[in-house]
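Trainee: I would like a close look at a single part of this model. Please keep the account connected.

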Amino acid sequence: MPYFDTASAAPLHPVARQALQASLDEGWADPARLYREGRRARLLLDAAREAAAESVGCRADELVFTPSGTHAVHTGLAGALAGRRRVGGHLVVSAVEHSSVLHAADAHERTGGTVTQVPVDRYGAVDPAGYADALGARTALACLQSANHEVGTVQPVAEVAEACAAAGVPLLVDAAQSLGWGPVEGAWSVLAASAHKWGGPPGVGLLAVRKGVRFSSQGPADERESGRSPGFANLPAIVAAAASLRAVRAEADAEAARLRVLVDRIRRRVVRLVPDVEVVGAPVRRLPHLVTFSCLYVDGESLLHELDRAGFSVSSGSSCTSSTLTPSHVLRAMGVLSEGNVRVSLPPGTTAEEVNAFLEVLPGAVAGVREKLGVSEAPAAPPEADSLEVDALGLLCPQPVIELARAIGRVPVGGTVTVVSDDEVARLDIPAWCAMRGHAYVGEAGREVGFAYTVRRLL
């Protein structure tokens with residue numbers, strides 16, 4: 001069964017498995033102790049730190065291990081903000097950061113800080129000038145992911161770091177998605193990453209803080225990991241994480257070139273095989289193994305279940321499911337279609353045959369979901385009126401857009417259809433539908449219940 005969701009968690013790398021098994025016998029003791037078992041454990045920890053630091057591109061004494069990538073993000077963000085408390089409490093982030101960064105930003109706001117979100121373009125990329133404009137005299141920290149976790153767009157970290165350096169503001173980089181493919185370029189100040197994203201074991205994160213960066217660890221003092229990550233370290237997992245990072249980086253160039261060919265095949269063929277599909281994310285400046293696309297008139301949860309039954313494990317950046325009413329913040333910030341969203345992230349070793357099999361299954365899976373939702377090509381009929389209003393209250397994604405598609409042919413060219421909906425996703429998907437189908441989005445207006453979204457027929 002092909003597993004196509006390494007953006008969530010990569011399968012354990014063989015080198016990680018070997019290192020984990022070997023270090024279980026040698027790495028169980030306390031590395032802070034002076035007896036021989038402790039000294040052996042300390043040697044393993046020091047070697048792992050040196051290997052990880054080399055892969056990150058920092059000094060060994062700048063890097064600590066944490067219990068997770070999220071822990072590394074929260075620790076790094078809180079420590080950097082506290083270290084520059086006298087400067088001010090202003091934090092700058094992009095609108096598409098991982099939820100770990102955005103949650104930490106929300107917590108910062110609740111304690112009196114201020115946060116500026118830098119917008120992104122339709123590909124999910126920030127403009128370095130946007131960061132330069134957001135930085136001010138009271139800015140304590142800026143954050144930017146190296147590559148987006150939902151659509152794979154690689155961010156201009158080096159240019160943003162240059163803008164931050166000119167303003168005297170440290171830059172924290174969430175490198176979870178990209179570190180396995182190569183070092184993060186630019187003069188970043190703080191970096192966080194997570195081992196399970198590159199084939200290491202879960203429960204290990206990295207936090208690197210450059211010398212000279214003002215940093216004040218929060219929480220009770222602890223003598224371990226420079227006081228930045230308290231508690232007894234999971235040394236076997238740390239050794240496995242460092243070993244696998246070195247291994248995947250040695251394979252990265254060749255594997256990236258091979259997987260990019262397969263991803264390009266998906267990007268080209270999915271729009272030919274499946275009607276009404278939008279491929280999202282940067283077409284060139286992107287991670288080599290990841291592609292995301294959205295399908296009109298499809299319930300994302302149902303589509304993922306259909307693909308799972310067909311033997312393919314994929315994920316979604318869309319929240320168009322029965323359990324949640326909010327769209328992905330990444331897709332919302334990009335202004336692209338969120339319904340029927342599929343994220344494919346290929347693991348190392350994926351074959352062309354597996355990708356071809358996925359492309360064979362996908363059209364039938366999408367068609368099956370659309371059929372269950374009652375989507376069909378309506379026969380041409382004379383227009384009924386110059387304007388129509390469609391009541392979609394109580395209907396969840398993708399039904400409001402389906403109702404719009406059914407109604408648009410009932411008005412003449414130049415006529416309008418107004419969809420009344422209380423589904424938050426409609427605010428994103430109706431304008432995206434207009435862009436895909438060549439109609440004009442007029443705008444929205446509040447109603448006593450929900451919102452009214454008006455579309456003008458152009459074709």
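How many bridges join strand E12 to strand E14, and do the two strands run parallel or antiparallel?

Mentor: The model is predicted, and what follows is computed from it. Strand E12, residues 416–421, and strand E14, residues 451–456, are joined by six bridges and run antiparallel. One of the residue pairs can be named: threonine 416 has arginine 456 in E14 as its bridge partner.

The two strands belong to an open sheet of four, ordered E11-E12-E14-E13, with mixed pairing. Strand E11 (387–391) and strand E13 (440–446) are the edges, each pairing on one side only. From one strand to the next, the twist averages 20°.

Two helices pack on this sheet. Helix H11, residues 399–408, touches E11, E12 and E14, and its direction makes about 160° with that of E12. Helix H12, residues 426–437, touches E12, E13 and E14; the angle between its direction and that of E14 is about 0°.

For detail at the residue level, take threonine 454, which lies in strand E14. Its relative accessibility is 18%, and because buried means under 20%, threonine 454 counts as buried. The side chain of threonine 454 makes a polar contact with the side chain of threonine 418, at 3.0 Å. Setting aside neighbours within four places in sequence, threonine 454 is in contact with Thr416, Val417 and Thr418, and also with Ala440, Tyr441, Val442 and Gly443.

The structure holds zero disulfides. For cysteine 164 the reason is distance: the closest cysteine sulfur, in cysteine 143, is 9.3 Å from its own sulfur, too far for a bond, since a disulfide requires sulfur atoms within 2.5 Å. Cysteine 295 is likewise in no disulfide, and the nearest cysteine sulfur, that of cysteine 397, is 12 Å away. Both residues are buried: cysteine 164 has a relative accessibility of 1%, and cysteine 295 has a relative accessible area of 0%.

Terms used:
Residues numbered from 1 in each chain as written. Predicted model: local features only at pLDDT ≥ 70, side-chain atom pairs only at ≥ 80, totals over all residues. Heavy atoms only, no water. Buried < 20%, exposed > 50% of the residue type's maximum accessible area, 1.4 Å probe, protein only. Pairing = 2+ DSSP bridges. Axes fitted to C-alpha atoms, helices over the stretch in contact; angles between N-to-C directions. Contact = heavy atoms within 4.5 Å. Polar contact = N/O pair within 3.5 Å; in protein donor to acceptor, adjacent residues only side chain to side chain.
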